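I opened the model to look up its contacts, core, sheet and ligand shell. My entries follow.

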Amino acid sequence: MRRSAPALVDPGPPSRVMSLERHIDVLVCGAGPVGLTAALALARRGGLAVEVIDEADVRAGLSYALALHPATLRLLDELGVAGELLEHGLAVDRIAFYDRSERRLELAVSALGGAFPFVLVLPQSRLEEVLIAPERAGGACAIATA
Ligand SMILES: Cc1cc2nc3c(=O)[nH]c(=O)nc-3n(C[C@H](O)[C@H](O)[C@H](O)COP(=O)(O)OP(=O)(O)OC[C@H]3O[C@@H](n4cnc5c(N)ncnc54)[C@H](O)[C@@H]3O)c2cc1C
(Lines give C-alpha, C1' and ligand atoms only; values in the text may rest on other atoms or scores of the structure.)
Protein backbone atom coordinates (compact mmCIF):
# COMPACT_ATOMS: atom_id res chain seq x y z
CA MET A 1 0.00 0.00 0.00
CA ARG A 2 1.32 3.40 -0.90
CA ARG A 3 1.73 5.78 2.04
CA SER A 4 1.90 9.53 1.85
CA ALA A 5 5.26 11.05 2.74
CA PRO A 6 5.49 12.54 6.21
CA ALA A 7 5.77 16.29 6.48
CA LEU A 8 9.45 17.27 6.61
CA VAL A 9 8.81 20.25 8.84
CA ASP A 10 6.14 20.58 11.46
CA PRO A 11 4.82 24.10 10.86
CA GLY A 12 3.47 24.34 14.41
CA PRO A 13 0.46 26.43 15.32
CA PRO A 14 -0.59 29.03 12.72
CA SER A 15 0.56 32.03 14.79
CA ARG A 16 4.21 30.88 14.54
CA VAL A 17 4.28 30.55 10.77
CA MET A 18 5.47 33.48 8.72
CA SER A 19 3.52 34.02 5.53
CA LEU A 20 5.61 33.29 2.44
CA GLU A 21 2.84 34.10 -0.01
CA ARG A 22 3.46 37.81 -0.33
CA HIS A 23 6.48 39.58 -1.73
CA ILE A 24 8.93 40.94 0.87
CA ASP A 25 11.80 43.30 0.03
CA VAL A 26 13.28 43.51 3.52
CA LEU A 27 12.96 41.24 6.52
CA VAL A 28 13.67 43.00 9.83
CA CYS A 29 14.53 40.79 12.80
CA GLY A 30 13.31 42.23 16.11
CA ALA A 31 10.12 44.25 16.58
CA GLY A 32 11.45 46.60 19.25
CA PRO A 33 11.70 50.36 18.72
CA VAL A 34 14.80 50.06 16.52
CA GLY A 35 13.42 47.34 14.25
CA LEU A 36 10.05 49.06 13.92
CA THR A 37 11.66 52.45 13.19
CA ALA A 38 13.86 50.85 10.53
CA ALA A 39 10.82 49.13 9.03
CA LEU A 40 8.83 52.35 9.00
CA ALA A 41 11.68 54.28 7.36
CA LEU A 42 12.18 51.60 4.71
CA ALA A 43 8.46 51.44 3.95
CA ARG A 44 7.90 55.21 4.01
CA ARG A 45 11.05 56.50 2.34
CA GLY A 46 12.04 53.54 0.22
CA GLY A 47 8.60 52.29 -0.72
CA LEU A 48 9.73 48.81 0.18
CA ALA A 49 7.57 45.91 1.38
CA VAL A 50 8.86 45.12 4.86
CA GLU A 51 8.12 42.26 7.22
CA VAL A 52 9.22 42.36 10.85
CA ILE A 53 9.70 39.13 12.79
CA ASP A 54 10.10 38.75 16.53
CA GLU A 55 10.70 35.77 18.75
CA ALA A 56 8.31 37.16 21.36
CA ASP A 57 4.56 36.61 21.10
CA VAL A 58 3.73 39.80 22.98
CA ARG A 59 5.06 43.28 22.44
CA ALA A 60 7.17 45.20 24.98
CA GLY A 61 6.59 43.33 28.19
CA LEU A 62 9.32 45.51 29.67
CA SER A 63 9.33 49.26 29.17
CA TYR A 64 12.96 50.24 28.62
CA ALA A 65 12.71 52.88 25.90
CA LEU A 66 10.36 55.06 27.90
CA ALA A 67 12.16 58.41 27.58
CA LEU A 68 12.48 59.70 24.03
CA HIS A 69 15.19 62.31 23.66
CA PRO A 70 14.98 65.43 21.42
CA ALA A 71 17.13 63.91 18.66
CA THR A 72 14.98 60.76 18.67
CA LEU A 73 11.84 62.88 18.47
CA ARG A 74 13.27 64.77 15.46
CA LEU A 75 13.90 61.47 13.69
CA LEU A 76 10.41 60.21 14.51
CA ASP A 77 8.98 63.52 13.30
CA GLU A 78 10.63 62.97 9.91
CA LEU A 79 8.80 59.66 9.79
CA GLY A 80 5.50 61.40 10.59
CA VAL A 81 4.75 59.85 13.98
CA ALA A 82 6.01 62.43 16.52
CA GLY A 83 2.65 64.22 16.68
CA GLU A 84 0.81 61.06 17.68
CA LEU A 85 3.47 60.19 20.25
CA LEU A 86 3.12 63.63 21.82
CA GLU A 87 -0.58 62.92 22.36
CA HIS A 88 0.25 59.79 24.36
CA GLY A 89 3.31 60.94 26.33
CA LEU A 90 4.37 63.32 29.06
CA ALA A 91 6.79 66.10 28.04
CA VAL A 92 9.47 66.57 30.71
CA ASP A 93 11.58 69.71 30.28
CA ARG A 94 13.90 69.28 33.27
CA ILE A 95 15.46 66.34 35.08
CA ALA A 96 16.69 66.54 38.66
CA PHE A 97 18.98 64.23 40.61
CA TYR A 98 18.59 63.82 44.35
CA ASP A 99 20.81 62.48 47.11
CA ARG A 100 18.11 61.48 49.58
CA SER A 101 16.13 64.72 49.99
CA GLU A 102 18.94 66.98 48.72
CA ARG A 103 18.65 68.21 45.14
CA ARG A 104 22.17 67.84 43.70
CA LEU A 105 21.80 68.47 39.98
CA GLU A 106 19.26 69.73 37.52
CA LEU A 107 19.35 69.27 33.75
CA ALA A 108 17.30 71.83 31.85
CA VAL A 109 16.38 69.95 28.69
CA SER A 110 14.43 73.01 27.58
CA ALA A 111 17.76 74.89 27.19
CA LEU A 112 18.50 72.72 24.16
CA GLY A 113 15.87 74.61 22.17
CA GLY A 114 14.74 73.21 18.84
CA ALA A 115 11.40 71.70 17.90
CA PHE A 116 11.37 69.28 20.84
CA PRO A 117 12.99 70.95 23.89
CA PHE A 118 11.97 68.14 26.23
CA VAL A 119 12.16 64.42 26.89
CA LEU A 120 8.95 62.58 26.06
CA VAL A 121 8.02 59.86 28.53
CA LEU A 122 5.66 57.10 27.43
CA PRO A 123 5.47 53.29 27.71
CA GLN A 124 7.59 51.38 25.18
CA SER A 125 4.48 49.38 24.23
CA ARG A 126 2.71 52.59 23.16
CA LEU A 127 5.76 53.69 21.15
CA GLU A 128 5.74 50.34 19.36
CA GLU A 129 1.99 50.57 18.66
CA VAL A 130 2.43 53.98 17.05
CA LEU A 131 5.43 52.84 15.00
CA ILE A 132 3.65 49.83 13.54
CA ALA A 133 0.21 51.39 13.04
CA PRO A 134 0.68 53.46 9.85
CA GLU A 135 2.34 50.75 7.78
CA ARG A 136 0.07 48.02 9.12
CA ALA A 137 -2.89 50.10 7.94
CA GLY A 138 -1.26 50.61 4.55
CA GLY A 139 -0.29 46.96 4.21
CA ALA A 140 3.39 47.74 3.61
CA CYS A 141 4.68 46.33 6.86
CA ALA A 142 3.62 43.35 8.92
CA ILE A 143 4.80 41.66 12.11
CA ALA A 144 5.06 37.90 12.42
CA THR A 145 6.31 35.73 15.22
CA ALA A 146 9.75 34.23 14.48
C1 LIG B 1 16.94 49.67 32.34
C2 LIG B 1 16.95 50.26 30.95
C3 LIG B 1 16.39 51.51 30.76
C4 LIG B 1 16.40 52.09 29.47
N5 LIG B 1 15.81 53.32 29.30
C6 LIG B 1 15.79 53.87 28.07
C7 LIG B 1 15.15 55.11 27.84
O8 LIG B 1 14.58 55.71 28.75
N9 LIG B 1 15.14 55.63 26.58
C10 LIG B 1 15.73 54.98 25.54
O11 LIG B 1 15.69 55.48 24.42
N12 LIG B 1 16.36 53.80 25.75
C13 LIG B 1 16.41 53.23 26.96
N14 LIG B 1 17.03 52.04 27.16
C15 LIG B 1 17.63 51.39 26.05
C16 LIG B 1 16.50 50.62 25.41
O17 LIG B 1 16.58 49.27 25.79
C18 LIG B 1 16.54 50.83 23.94
O19 LIG B 1 16.46 52.21 23.58
C20 LIG B 1 15.44 50.14 23.18
O21 LIG B 1 14.77 49.12 23.87
C22 LIG B 1 16.17 49.60 22.00
O23 LIG B 1 15.24 49.05 21.16
P24 LIG B 1 15.63 47.77 20.35
O25 LIG B 1 14.53 47.61 19.34
O26 LIG B 1 17.03 47.85 19.85
O27 LIG B 1 15.68 46.58 21.41
P28 LIG B 1 14.53 45.89 22.25
O29 LIG B 1 13.55 46.87 22.78
O30 LIG B 1 15.24 45.01 23.22
O31 LIG B 1 13.78 44.98 21.17
C32 LIG B 1 14.44 43.91 20.55
C33 LIG B 1 13.37 42.98 20.00
O34 LIG B 1 14.04 41.97 19.23
C35 LIG B 1 13.50 40.70 19.57
N36 LIG B 1 14.55 39.72 19.33
C37 LIG B 1 15.76 39.64 19.93
N38 LIG B 1 16.47 38.62 19.41
C39 LIG B 1 15.70 38.05 18.45
C40 LIG B 1 15.89 36.96 17.56
N41 LIG B 1 17.03 36.27 17.55
N42 LIG B 1 14.89 36.64 16.71
C43 LIG B 1 13.73 37.35 16.72
N44 LIG B 1 13.50 38.40 17.53
C45 LIG B 1 14.47 38.75 18.41
C46 LIG B 1 13.08 40.82 21.03
O47 LIG B 1 12.03 39.91 21.35
C48 LIG B 1 12.59 42.28 21.11
O49 LIG B 1 11.20 42.40 20.84
C50 LIG B 1 17.02 51.42 28.40
C51 LIG B 1 17.58 50.15 28.61
C52 LIG B 1 17.54 49.58 29.88
C53 LIG B 1 18.14 48.22 30.08
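What share of the contacts in the protein with a separation of 6 or more comes from residues 24 or more positions apart? I got 70%. Two residues are in contact here if their C-beta atoms, placed from the backbone, lie within 7 Å.

I noted the ground rules. This is a predicted model, in which local features need pLDDT of at least 70, side-chain atom pairs count only at pLDDT 80 or more, and totals for chains, interfaces and linings use all residues. Residues are numbered from 1 along each chain as its sequence is written.

**Elements.** I found four helices and eight strands. Helices (H or I, at least four residues) and strands (E, at least two) are DSSP runs, numbered from the N terminus. Along the sequence the pattern reads β-α-β-β-α-α-β-β-β-β-α-β.

**Core.** I looked up burial next. A residue is buried if 20 or more other C-beta atoms lie within 10 Å of its own, exposed if 12 or fewer, and partly exposed in between. Buried residues make up 20% of the 146 residues. The largest nonpolar core holds 21 residues. Such a core is a set of buried Ala, Val, Leu, Ile, Met, Phe, Trp, Tyr and Cys residues joined through C-beta atoms within 7 Å. L36, A39, V52, L120 and L131 have the most contacts inside this core. At least two core residues come from each of α1, β2, α2 (70-78), β7 and α4 (124-138). Domain 1 (1-63 + 125-146) and domain 2 (67-122) each give the core at least three residues; the bounds come from an automatic or database domain assignment.

**Sheet.** I traced an open sheet of three strands, in the order β3-β7-β4, with antiparallel pairing. Strands pair if DSSP finds at least two bridges between them. β3 (67-68) and β4 (90-92) stand at the edges with a single partner strand each, so one side of each lacks a neighbour in the sheet. Three bridges join β4 to β7 (residues 119-121). L90 has V121 as its bridge partner in β7.

**V109.** I found V109 in the loop between β6 (102-108) and β7. V109 counts as partly exposed because it has 16 C-beta neighbours inside 10 Å. Beyond four places in sequence, V109 contacts D93, R94, I95, P117, F118 and V119. The C-alpha atoms of V109 and I95 are 7.4 Å apart, across 14 residues in sequence.

**Ligand.** I listed 16 residues around the ligand, the closest being G30, G32, V34, Y64 and A67. The shell divides into eleven nonpolar, three polar and two charged residues. The largest share, three residues, comes from α1.

Terms used
Near = placed C-beta within 6 Å. Nonpolar A, V, L, I, M, F, W, Y, C, P; charged D, E, K, R; others polar.
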